[in-house]
Amino acid sequence: MKANNTLMRADRSASLLWRRHMCDRLATGLSWLGMLIVVFMLGSILWTLLKNGLAGLNVHLFTLSMAAPGQPGGLANAIMGSLIQTGLAILIGAPAGLMTGIYLAEYGAGSRMARIVRFVSDMLLSAPSILIGLFIYMMLVVPFGHFSGFSGAVALAILAMPIVVRTTEDMLRLVPVAMREAGIALGAPKWRVILFICVRAVRAGIMTGVLLSIARVAGETAPLLFTSLGNSEWSLDLGRPMASLPVAIYQYAGSAYQDWMQQAWTGALLVTLGVLIINIVVRVGTRGGRS
Amino acid sequence: MEIPARQSLPAMKQAPSHQGGQKGDPAFRLLATATGVGVLVVLGAIIAVMVTGGWKAFATFGPGFLVSAVWNPVTQHFGAAAPVFGTVISSALALLVAVPLAFGTAFWLTALAPPAAASVIGMAVQLLAAVPSIIFGMWGFFVVVPVVAHYVQPAARQLFGHVPGLSALVAGAPFGTGLFTAALILAVMITPSITAVMRDVFLSMPAVLRESGYGLGATRWEVMRHVVLPWSRQGVVGGIVLGMGRAMGETMAVTFVIGDSNHIGWSLFAPANTIASLIALEFPESPAGSLKLASLMALGAILMAISFVTLWFSRWLLARGEQAAGR
């Protein structure tokens, strides 16, 4: 009787063990599947871009401005426009983000105000970029009566800033107290301690944030539709509509012309490679720095 | 050696007040604080601009704006119901796909992967998150749309087309563009960010908890299910809500594949519109000061309200999760 009981119990526990292992196997298998699907999606996107984009990669793309279908044309003005607007956006957004990060880490730390600022900055980080576009449209386009490259840059700056805020604050918090104290003990005023000791010590980390913000705004399309609009001619005037690579891709990809489509794909390849290369450099660089 | 040092001590205490740089302190503090407060001003201005910009539409159509599904530029009658419906349904469907994918990937990254592979795949996930949304749109339009049109929707119609109750979900001509395709693209776009949050909260759990689970003989899945998940619940939900916020505000990718139709229906495969895609598509034909532009701004205000509440909720959950982790 007793032996029988033990046998049954052993049997039951064996089946339980088997079930537990099957559960584990199933979960493990599904987890592998999920990971493979995600990697496959990235692979599919890159493959599509390379397959369709490489064919159009030639000198004209970089030397000629956008042209009517059938005419020899390139994306030179769009590339230039993207560089100008992204550059100006970073020139506005990065210092503003740096100062806000300094406020959060050094001056406001722990205060109610700082908590609200951090919260709002995080919300702006994930806010729909199309809203920023509409906002700048009402602020800088409607009052002046025309679309402009400058308004595009401001819209991108608002999108770039929260990333710099985040990294600056995170980085400044890593600076050891002893280092600040050393600066203060030498008689340096607080602003010098912050700028020339703390910020300088973590400048690589802050650069990471700036690079990531460049990568983020360089591919933004939605806010530019309402601000810099796009321009098919070569124009460096910030007061006029300005072309940009993402908007040019959007215009061309929706067209029915073979050569425009080709340029859209090649432009897409350029934007994606640029953005991904910045990301890879940043991530490999920071990993090397940490270890 | 010691005497000069002692003598110089009082001098050092005095030193800062003599330095001209000290005057920079209040100025720098003011500058930093003003920039920080400037962030609040920007948010306030965004809210004010969206609400005042859309005021004309709210005033013209009243509360009916929210429930009317009409979008007719000819009769100058505009309503928000159709794009709001499209936004909610496409984001919800996207979450249905993205959450299992993200959870599986995060589980793999934190519990199953060899360290070297985890860092490579982790990087790939980050890169997927960095791909600009317009690229997702092109990829969706030229790669995913044909697949949905030729394979997915016909197959779905074969399977469910004759099942009462389900047939309406798969009805309509197989265009390939529509809610379902938009949801798929959105899912691919938000999976990396949900994965990143999940991985971070999983890894923030003290290793000793995980190890005690293994020590008791639990399998990897059991440790995930009964130790890691309960511990990181708030962070996981926060990440999912964050992903939903992203999906609802996404513009370019959706614009390519949603099909541009202001129609509310049962079919998952029918062309539709989200708030963001409608704004992007209709904006070029909406002159400043027109009722149509005001309606688009009003839609923007609704999108802003939805996404800010969502983001606020997710940040709140994530912050609470972090607090719990610190305890």
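**Exercise 1.** Describe the span of residues 84–314 of chain B by its helix and strand content and by the distance between its ends.

*Solution.* The end C-alpha atoms of residues 84–314 of chain B lie 20 Å apart, and the span is 75% helix and 0% strand, where helices (H or I, at least four residues) and strands (E, at least two) are DSSP runs numbered from the N terminus. In an unreviewed UniProt entry, these residues of chain B carry the annotation "domain: ABC transmembrane type-1"; such annotations may be inferred rather than shown by experiment.

The model is predicted, with local features needing pLDDT of at least 70 and side-chain atom pairs counting only at pLDDT 80 or more, while totals for chains, interfaces and linings use all residues. Residues are numbered from 1 along each chain as its sequence is written, and chains are lettered from A and ligands numbered from 1 in the order in which they are written.

**Exercise 2.** Work out how helix H4 (residues 81–112) and helix H7 (residues 179–203) of chain B pack.

*Solution.* Two packed helices are described by the angle between their axes and the distance between the axes. For H4 and H7 of chain B the angle is about 40° and the axes are 6 Å apart; axes are lines fitted to C-alpha atoms, for helices over the stretch in contact, and angles run from 0 to 180 degrees between N-to-C directions. H4(B) and H7(B) are therefore oblique to each other, since angles under 35 degrees count as roughly parallel, over 145 as roughly antiparallel, 65 to 115 as roughly perpendicular and the rest as oblique.

**Exercise 3.** State the helix content of residues 79–282 of chain A.

*Solution.* This span of chain A is 76% helix and 0% strand, with end C-alpha atoms 22 Å apart.
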